[in-house]
Amino acid sequence: MNENMAIGLFKEAMLKIILESEEKKRVKKLEELQKEMERHVLPIRELSGKERRKNISNKNKNNQKNSF
């Protein structure tokens, strides 16, 4: 799943769900949130060749910033 998209959808909709007073509307909004997030699922890519090596020390820290 695209994490930035998921965080954006979640933070907007979850507050509305929590603040909703009626149970039926809350359940409906939660189901809509689930469907919306399922539309943004990304497939796992098969990498050809040898496996990538993970470099612990990152030269460019801006490449791995948190999205929130």
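Is E22 buried, partly exposed or exposed? At 41% relative accessibility, E22 counts as partly exposed, where buried means under 20% relative accessible area, exposed means over 50%, and partly exposed lies in between (1.4 Å probe, protein chains only). The model is predicted: local features need pLDDT of at least 70, side-chain atom pairs count only at pLDDT 80 or more, and totals for chains, interfaces and linings use all residues. Residues are numbered from 1 along each chain as its sequence is written, and side-chain values use heavy atoms, with hydrogens and water left out.

**Fold and surface**

- The chain contains two helices and zero strands; helices (H or I, at least four residues) and strands (E, at least two) are DSSP runs, numbered from the N terminus.
- Of the 68 residues in the chain, 7% are buried.
- The chain exposes about 7,100 Å², of which carbon and sulfur atoms supply 52%; accessible areas come from the Shrake-Rupley method with a 1.4 Å probe, and for residues only the protein chains shown count as cover.

**Helix α1**

- The end C-alpha atoms of α1 are 24 Å apart, which agrees with the 24 Å that its 17 residues should span at 1.5 Å a residue; the expected span is 1.5 Å times one less than the number of residues.
- A6, L9 and I17 are buried in α1, and the buried residues of this helix pack against α2.
- I18 also belongs to helix α1, which covers residues 3-19, but it counts as exposed because its relative accessibility is 56%.
- L15, I18 and L19 make a nonpolar surface patch of about 360 Å². Patches are made of residues with over 30% relative accessible area and no salt bridge, with like charges joined within 9 Å and nonpolar side chains (Val, Leu, Ile, Met, Phe, Trp, Tyr) within 5 Å.

- E20 lies in the loop between α1 and α2 (23-38) and is buried because its relative accessible area is 16%.
- Not counting residues up to four places away in sequence, E20 touches K25, R26 and K29, contact meaning heavy atoms within 4.5 Å.
- R26 sits in helix α2 and counts as partly exposed at 27% relative accessibility.
- Neighbours within four places in sequence aside, R26 is in contact with I17, E20 and S21.
- The R26 side chain reaches the backbone oxygen of E20 at 3.2 Å, and a polar atom of that side chain lies 3.2 Å from the backbone oxygen of S21.
- R26 and K16 are ten residues apart along the chain, with their C-alpha atoms separated by 8.4 Å.

**Salt bridges**

- Four salt bridges are found in a search of the whole structure; each is a side-chain nitrogen of Lys or Arg within 4 Å of a carboxyl oxygen of Asp or Glu.
- K25 pairs with E22 in a salt bridge, the closest N and O atoms being 3.9 Å apart; K25 is partly exposed, with a relative accessible area of 41%.
- R39 forms a salt bridge with E36, with the closest N and O atoms 2.2 Å apart. R39 counts as exposed at 62% relative accessibility, whereas E36 counts as partly exposed at 24%.

Notes: A polar contact is a pair of N or O atoms within 3.5 Å; within protein, one must be able to donate a hydrogen and the other to accept it, and residues adjacent in sequence count only if both atoms are side-chain atoms.
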